Structures are given as structure tokens and as C-alpha cells.
Amino acid sequence: MTGNKSPKIPDAFIPMTHMKRRLATMLLLVTVAICNAFASIMEDSIRESLHELNGESRLLALSELCSLAHADDNMDHELRCIRDYLDEAIRQNDVESVGNATVMQLSCYLNYECLDSISHYLPTMLERMKKNKTWDYYYNCWDLAIQSDIFHDKLESALREAEKMYRDAQKRSSDYGIGIALFDMGVIYQAIGETAEAVDVLEKSIGKLKDQADITMVLSAYNYLCASLDGLGRYQRIIECADEWKNIIDNYEAKAESMGYTPQLGGKRMYNLLAYCIAEIGLGNYEKAREYLDTARECAKGRSNSQQYKLMQIESRYYGATGQYEKAIEISKKNIGLLESTGDSVSVATMKTALADLLFKSGNYEEAAHLYYNLNPVTERIRAEELSRRLDDLHTTYEIDTLTLQSQATRTKLWLSIVTIVALLVILILYVVYAHKLKDKNRALFNIIREHDNQTSTLKPMFESENSNSGIDGENSLFRRVSDMMRNEMIYRNPNLNRESLAAAVGSNTVYLADAIRDNTGMTVNEYINGFRISHAAGLLTQNPDISIGDVETQSGFNSRSTFSRLFRNHFGMSPSEYKIISKEKANKN
């Protein structure tokens, strides 16, 4: 079995008594590794010792092999170790270890995005946890299925499962199950923009989880709670939550050290420090914010990319709030570069919007406007994709309901069929509305372009400097000769025209030519030439809407369809074909 591994989720939730046993076995395994000096790695040492171990020691050795395999990023190897651990736990009838191994198995499937495996095994695993009455592991398994839906933006399905888990946990009077269900609801509410509701359920979740031996879930709840409070601008409340959050970490660390175990809490403390930092930025206490940020940087050293993204996001926010725009912009661009490598288009669009705001505040209006302009089609596409996923999820939900209710009366089946048809009609209507709005947007953009062309020359304001008439010597004189030749002789229509041939045509060298064009237009030579070509292409499409796109490309000096289409879309915000359709509509009306 293979799969692409998504960002790792936290390890299985282990009760404190189990942690003591695990600590003892880790010490035993270290001793075994030292005694077996011939073994080159810890895993080999543990496997060499397995034949000497029985009972609880053998189980904990197998558990440790699972942890080592988890860090190895090899799904098949990790699953083999988990199954060995699970088989031994079942053989020994150790229900705690069975629960732990079961959660490990589902976590592995989620990490490698094997959603079909989760759906296939979950019912059997939940039934096993019920039979063993290991309710914490039962709700952990259920939670992993909900987290899978959240991760893949199936929010309607995730919310329904979280509500079902909440009712189930209430029946069993399980604070842990109630706390996890409320946490999942809070994450979903935050994802759909219901921030006030997210704050309410996350605070209730913390009330149920804060006294649990394992602190993983309550720390995550505090993290999401502070993010939601940030969205509401409740900065003083963030500080109060961060204080509670810090106390839980401190108490956990003290308890672990009293047992002779030093936990690695750098990542957990980093998120806590960043919450303080966000609050102090919001309150205008920049000196305090800086202190928290410096400490968070230390905690972030050697941490995962996801933690680095969060740190850089807050760093950029701090420098922007304190007017240090160059630093803020530099960090924001670096963060976008890292995010783009993950393929997370939603986060990239969010970060680019924040970057555009920083550029605008710093006075770099041209770059900010360019970024905003390029973001518009991206955000529209993301919204369309989100809508499609939501509707797909809704449709899937209806299909599941239909399968579940097949045994009911014909009238109920008919009602569900009508609902499904309505959902499909809604999808169709939304698609038609979206296409219509996109067409209207292109028409409006076309009108703006043509109005601009009617008021001014198409070429002159784009490719001549305000200073081009200030003299006849030096670069201005050279630039004027180039401009006259481009307009009068239209040499840009030659697809082989480049910097060298253009310099030769005006009797100059490439360096002087590049300097003259850059100083007068801010463009490179290629950008300058392609600008004339694009404007010429738009003129051809306007004057003769029946002309083929291929003829426009050839007559404008392009020798590549992909290059022509890309440059045309970047300049006018629509493809040549879309421009042609609208131009033809306008011509027919006239």
C-alpha cells in the first residue's frame, strides 16, 4: 500500500499511566541497545531483544518500534510494525494496548491520506473499542475520521459527525469525548467563518479537556481559541487564555520531570508565545510583543515547516504593525515561497493578500495594485472550487442518507429524491450564475480598455516616458528613435525582433538600448517589444472580430501560441478568445 504523506498529526493520545510504562520500557530498550553493541541502529537492537521479552515489556518494545517507523516516513513499514503490535496486544488481551495500536493505525492512514482505508476499518475499530470499553481510544478513533473530513474540506460531513459524537459522548457521560467533539465543532465553525460560535464551543471544549492527563487536545483547543479571538479583536481575552495555556504546559513539564522524564515542549511553547505576541501587537504593546517573538524564534529552531509558516506570519505582522515594512514584506515573500512549494493555494492567496496590504501601506502602490489585480482571478477560482467541494460534499451526504433510508416508505424515498434533484439544480444554477458573472466582468473590463483607447493613444502612454521630450541627447534621444521606429515601421511584427536586432536597427548597442528603455518605461527590452505586440493584437481583434486567433498571433509578431495567450491574459485580464467574443458582440450591436 502506498500514499502521499500529509503533514503529521500528533501522536496517539496516551494516558499518563501508559506514559510511565512507556518510560520504563524506553530505559530498558536503551540498555538493550547498549548491550547489543553490534547493532547499527536502535530498531535492530530492539528487534534483537524481542525474543527475550514477554508480556508488557514485549508490548512496549513493539510500541516503540511503531514510533521509530512513524519517524521513518515509510507507510508500509509503519503499518507492518503497527500490525505486529496490534496482533500481540490482541493475543495478550491487553485492551489498553489494543486501543493505542488501533489509534496508531488510523493515524497512519490519515497521515498518508488513505481515506478509503479509514472508511473501511473505522466501523470495525469503533466496535472493538466499544466491546473493550476503552472510551478514550474510541473517541480518538472517531476524531481521526472527522479530522480527515476537515482536512479535505468536507465540512458538512465533518460537522454532522462531530454532532453525532457529541450526542454519543453525552449519553456515556464522557467528558473526554464531549471535549473532543466540541473541539472539532470549533475548528469547523472557524473554517466556515462563524468566529463567535467557534469561540463559544472551543471555550466549552477546554472546560472538558483541561483536567485530562494528556494535554495534546487542550493545547490545540487553546491555539484555535486564540486564533478565533484574534479574528474578533479580543486581545485582552487572548492574554487570559494564553496564561491558562502556559500554566497547563508548566504543570505538565513539572509533573513529567518529577517522574524522571524531560518532555520536548518547544513547539507547544512556541504557539503559546505567538498567542501572547498577537495580543500585544493588537494592544499596541510592541516592546512586549518583540520579547515574545524573540523567545518564540528560539523555540522554533529545528521545527517543522508548518510551525515556521506560523512564526513568519506573526513576524511579518509585527514588523508591519511597527512600520518596518521592508522587513515585513521580505518575510512575507519568503513565507509565500515556502507555502507555494506545498501546493496550498488557499493559504498562498491569503498570504498574498496580506502582502498586497503591506505594499500599499509602504507606499508601493504600483506593486500592490499589480498583486491585487493578479489575485482577483485566483480568489475567484478558489471560491468556485470551495463551492464545488461543498456542493459535492452535500451531494455525498444526500447519497448516504438515501442509502440509509432505503427501507423506509416510498413517500420518504420520493422526498429524498426531490431534495437530491433540488441540490443538483442548485449546482446548475450556481454554475450558470458564476459563468454569467464572469462574462459580465470580462465585458466591463473590455469597456474600460476600449474607453481608455478612445481617450488616448494605445501605444504612446504605455511605452513613452513623460520625460521623453525633455531633450534630444543621450538616452531620451535613443528612446525617441526606438519609439518612432516601433510606431511608424511596426518592426515589432517581426517575430525574430529581439534586443540585439533592435539595437542594430537604431544604430546603438544593447546596453544603451536597455538603459534607455528601462529609464523611460521601467520595462525590459522584451517587455517593451511584447507590449507593442499585445496592443497591436488587441487592435486587430477590435477592428476585425472575425479574424482568427492564429492570424492575430502571426500578424502581431508572436511565434508561440502559449506565450501570446499568457501575455495577453496578463495584460488585459482575459484570453484572446474571450476578448474576441466580446469585441464581436460589440461590433454586431453597432
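# Notebook: helix pairs and loop residues

I started with helix H11 (residues 216-232) and helix H12 (residues 235-258), whose axes come within 9 Å and cross at roughly 170°. That makes H11 roughly antiparallel to H12. I took angles under 35 degrees as roughly parallel, over 145 as roughly antiparallel, 65 to 115 as roughly perpendicular and the rest as oblique. Axes are lines fitted to C-alpha atoms, for helices over the stretch in contact, and the angles run from 0 to 180 degrees between N-to-C directions. Helices (H or I, at least four residues) and strands (E, at least two) are DSSP runs, numbered from the N terminus.

Before going on, I noted that this is a predicted model, where local features need pLDDT of at least 70, side-chain atom pairs count only at pLDDT 80 or more, and totals for chains, interfaces and linings use all residues. Residues are numbered from 1 along each chain as its sequence is written, and side-chain values use heavy atoms, with hydrogens and water left out.

**H11 with H12, residue by residue**

I listed the contacts next (contact means heavy atoms within 4.5 Å). From H11 come Val218, Leu219, Tyr222, Asn223, Leu225, Cys226, Leu229 and Asp230. They meet Tyr235, Arg237, Ile238, Cys241, Glu244, Trp245, Ile248 and Ile249 of H12. By class, I have twelve nonpolar, one polar and three charged residues in the contact of H11 with H12. For the classes, Ala, Val, Leu, Ile, Met, Phe, Trp, Tyr, Cys and Pro count as nonpolar, Asp, Glu, Lys and Arg as charged, and the others, Gly among them, as polar.

**Whole chain**

I then stepped back to the protein chain. It has 27 helices and zero strands. Of its 590 residues, 43% are buried. The cut-offs are under 20% relative accessible area for buried, over 50% for exposed, and in between for partly exposed (1.4 Å probe, protein chains only). The protein chain exposes about 30600 Å², and carbon and sulfur atoms supply 51% of that. I also checked contacts between residues at least 6 apart in sequence: 60% of them join residues at least 24 apart.

**H6 with H7**

Helix H6 (residues 115-132) and helix H7 (residues 135-151) cross at roughly 160°, and their axes come within 9 Å. H6 and H7 are therefore roughly antiparallel to each other. The crossing of H6 past H7 is left-handed. That term applies if the near helix is turned anticlockwise from the far one by less than a right angle; clockwise would be right-handed.

On the H6 side I found Leu115, Ile118, Leu122, Leu126, Met129 and Lys130. On the H7 side I found Trp135, Tyr137, Tyr138, Cys141, Trp142, Ala145 and Ser148. The contact of H6 with H7 counts eleven nonpolar residues, one polar and one charged.

I looked at Thr134, which sits in the loop between H6 and H7. Its relative accessibility is 5%, so Thr134 counts as buried. Leaving aside neighbours within four places in sequence, Thr134 is in contact with Val95, Glu96 and Met129.

**H13 with H14**

Helix H13 (residues 266-283) packs on helix H14 (residues 286-300) at an angle of about 165°, with the axes 8 Å apart. H13 and H14 are therefore roughly antiparallel to each other. H13 passes H14 in a left-handed crossing. H13 contributes Gly266, Arg269, Met270, Leu273, Leu274, Tyr276, Cys277, Glu280 and Ile281. H14 contributes Tyr286, Lys288, Ala289, Tyr292, Leu293, Thr295, Ala296, Cys299 and Ala300. I sorted the contact of H13 with H14 into 13 nonpolar, two polar and three charged residues.

**Positive phi in two loops**

Most residues other than glycine have a negative phi. I noted Asn93, with phi near 55°. Asn93 is in the loop between helix H4 (75-92) and helix H5 (95-111). At 63% relative accessibility, Asn93 is exposed.

Ser173 also went on the page, with phi near 55°. The loop holding Ser173 runs between helix H8 (155-172) and helix H9 (175-191). At 60% relative accessibility, Ser173 is exposed.

I checked Leu62 in helix H3 (residues 55-70). Leu62 is buried, at 6% relative accessibility. The C-alpha atoms of Leu62 and Tyr85 are separated by 5.2 Å, though 23 residues apart along the chain. Beyond neighbours within four places in sequence, Leu62 is in contact with Leu50, Asp84, Tyr85 and Glu88.

Last, I checked Thr521 in helix H23 (residues 510-521). Thr521 is partly exposed, at 21% relative accessibility. Phe479 is 42 residues from Thr521 along the chain, and their C-alpha atoms are separated by 9.6 Å.

Notes. Areas by Shrake-Rupley, 256 points an atom, 1.4 Å probe, with all protein chains shown as cover.
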